[in-house]
2 protein chains.
Amino acid sequence: MNFSVTDQYFSSRRTIRRYSDKVIPEALLYKMLELASHAPTTGNMQLYSVIISSSREIREALAPLHFNQPQILSAPVILTFCADFNRFSKWCEFNDAVPCYDNLQSFVASAIDTIALAQQFNTIAEAYGLGVCWIGTTTYTAPKIAEVLELPSLVVPLITLTVGYPAEEGSDVGRLPTNAFIHSERYQDYSPLQIKELYSEKEERSDSKQFVEENQKNTLAQVFTDIRYPRANNEHFSEVFRDFLRDAGFVK
Amino acid sequence: MNFSVTDQYFSSRRTIRRYSDKVIPEALLYKMLELASHAPTTGNMQLYSVIISSSREIREALAPLHFNQPQILSAPVILTFCADFNRFSKWCEFNDAVPCYDNLQSFVASAIDTIALAQQFNTIAEAYGLGVCWIGTTTYTAPKIAEVLELPSLVVPLITLTVGYPAEEGSDVGRLPTNAFIHSERYQDYSPLQIKELYSEKEERSDSKQFVEENQKNTLAQVFTDIRYPRANNEHFSEVFRDFLRDAGFVK
């Protein structure tokens, strides 16, 4: 890679959900993951694993677990990024040390390592001309994904990336102004007026208005609370994930 | 920024703990965070906040909460990246929608957003010639950090980055070979022989051997289990964090 990066490069990146048939060479995939593995990691422990799924069989097993989002089958490769304290614990066991990572803090440390790796991989893949989509359903069906991928204890799937050469440009979905999320010295909580100002551009977008209309809601926020991320789902999948953290050995 | 990126750039990145006196212009800090905010985010909700600490007062309050790691005081700026469902929930409330994000899955989604933002900021800051160190003690003392930074409910500090112009080159701490963490199609669990091979380079490094000797241990793994991340600490800080997730309103 010899790639010229500008501010524009970072601000114009897009999620890509449609891919061409072009195959990603396995050596390139390994190289990009190797480069990404130099991202920061807790105590240099590298508390993650990445499962590469390219076979039709595995992807057909995974697709319903991601609610049949089409890119699970149409992408040449999907990667499941997992928090992993199994490998490190085995290393301890085989070296006269007693591992002690069956607890919440260890899960959190491995989750941080894992997401940092996924983001760095994302950046590197895009620099190599690939398109990426983050699939956020991984933690909803973690126990079933773990079964398909044969994950042992202390391994928790957190995020899935579909990867391929782009067959679309992707669209600009916009972001909040920076003062929405940056606080100086202390957290400044939001007044109704501030919220109105910070979200006005988002609410005024034509895709937002279309979203509200299509779903027959009165406000954009209602599309999120009533349709996209409603209470019943959030609570159901929270129970599933909490039980899985227990079964995986991270919490009692 | 107009910056030429090569493979070498990603593989030679280093943690930087010592900084020059050079000030980071506030406008640059905001610009880098704006660029980073184009990283992937769950449903485009941007479930994070970043607290910039540059005042002496706040950093002196934070330093003991990071066990007095010197860069908390010596860096020109420290950034605390927080999972944040407060802002989004307020937006819902002010828009005739009933927020429903007081649960584990919502915490996980916001944590993923937050760490992806932190990693993308890290990459961009390095491209701008800055040095960064990730401070992993944030979740150990989250309730006290929340007090200093005046974080409301549904806001959880996850990782702290110290940032400044480098006054050292940083050292190469090495990484495991890629086949340590990449699995094809299914997770392949590790045999004692495989673990031995995958960790041999790490164990043979002179800094590792020095670590073992200084701590009067028999193996490198024992340095981790007995000194760096021992059971008593892991379990104590797990309780603290679990209680904080409850107090912050993310779990019952």
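With which residue does Asp189(B) form a salt bridge? In the predicted model examined here, the partner of Asp189(B) is Lys90(A), and the closest N and O atoms of the pair are 3.1 Å apart. This pair belongs to the interface of chain A and chain B, across which 10 salt bridges are found. The largest share of the side of chain A that touches chain B is supplied by helix H6 (residues 104–127) of chain A, with 13 residues. By residue class, that side of chain A divides into 58 nonpolar, 35 polar and 21 charged residues.

The extent of the interface was then considered. Contacts join 114 residues of chain A to 114 residues of chain B. The two chains bury about 10700 Å² between them, and carbon and sulfur atoms account for 59% of this area. On the side of chain A, the residues that lose the most area to chain B are Trp91(A), Glu185(A) and Tyr187(A), which together make up 8% of what that side buries. Polar contacts across the interface of chain A and chain B amount to 85 residue pairs, with both residues at pLDDT 80 or more.

When neighbours within four places in sequence are left aside, the contacts of Asn95(B) are with Glu203(A), Thr219(A), Ala221(A) and Gln222(A). Within chain B, a polar atom of the side chain of Asn95(B) lies 2.6 Å from the backbone oxygen of Trp91(B). The C-alpha atoms of Asn95(B) and Gln105(B) are separated by 23 Å in space, although the two residues are 10 apart in sequence.

Over all chains, the structure holds 34 salt bridges. Side chains of opposite charge can pair when their charged atoms come close. In chain A, the side chains of Asp102(A) and Lys252(A) form one such bridge, at 3.9 Å from N to O. This bridge connects distant parts of the chain, 150 residues apart: Asp102(A) lies in the loop between helix H5 (86–93) and H6 of chain A, and Lys252(A) in the segment after helix H11 (231–247) of chain A. The two partners fall into separate accessibility classes, as Asp102(A) is partly exposed at 25%, whereas Lys252(A) is exposed at 78%.

A second bridge in chain A pairs Glu235(A) with Arg231(A), with the closest N and O atoms 2.5 Å apart. These residues are separated by about one helical turn because they stand four residues apart in helix H11 of chain A. Glu235(A) is partly exposed, with a relative accessible area of 32%, and Arg231(A) is likewise partly exposed at 32%. Salt bridges with shared partners also join Asp102(A), Lys252(A), Arg231(B) and Glu235(B) into one network. In chain B, a salt bridge of 3.7 Å, N to O, is found between the side chains of Asp84(B) and Arg87(B), both of which are buried.

The nonpolar interior was examined last. In soluble globular proteins, nonpolar side chains tend to be buried together. The largest nonpolar core comprises 184 residues, of which Phe107(A), Phe121(A), Phe107(B) and Phe121(B) touch the most other members. Apart from neighbours within four places in sequence, the residues in contact with Phe107(B) are Ala83(B), Val156(B), Leu158(B), Phe241(B), Leu245(B) and Phe250(B).

Methods
Residues numbered from 1 in each chain as written. Chains lettered and ligands numbered in written order. Predicted model: local features only at pLDDT ≥ 70, side-chain atom pairs only at ≥ 80, totals over all residues. Heavy atoms only, no water. Core = buried A, V, L, I, M, F, W, Y, C linked by side-chain atoms within 4.5 Å. Buried < 20%, exposed > 50% of the residue type's maximum accessible area, 1.4 Å probe, protein only. Contact = heavy atoms within 4.5 Å. Buried area = accessible area lost by both parts, 1.4 Å probe. Salt bridge = Lys/Arg side-chain N within 4 Å of Asp/Glu carboxyl O. Polar contact = N/O pair within 3.5 Å; in protein donor to acceptor, adjacent residues only side chain to side chain. Helix = DSSP H or I, 4+ residues; strand = E, 2+ residues; numbered from the N terminus. Nonpolar A, V, L, I, M, F, W, Y, C, P; charged D, E, K, R; others polar.
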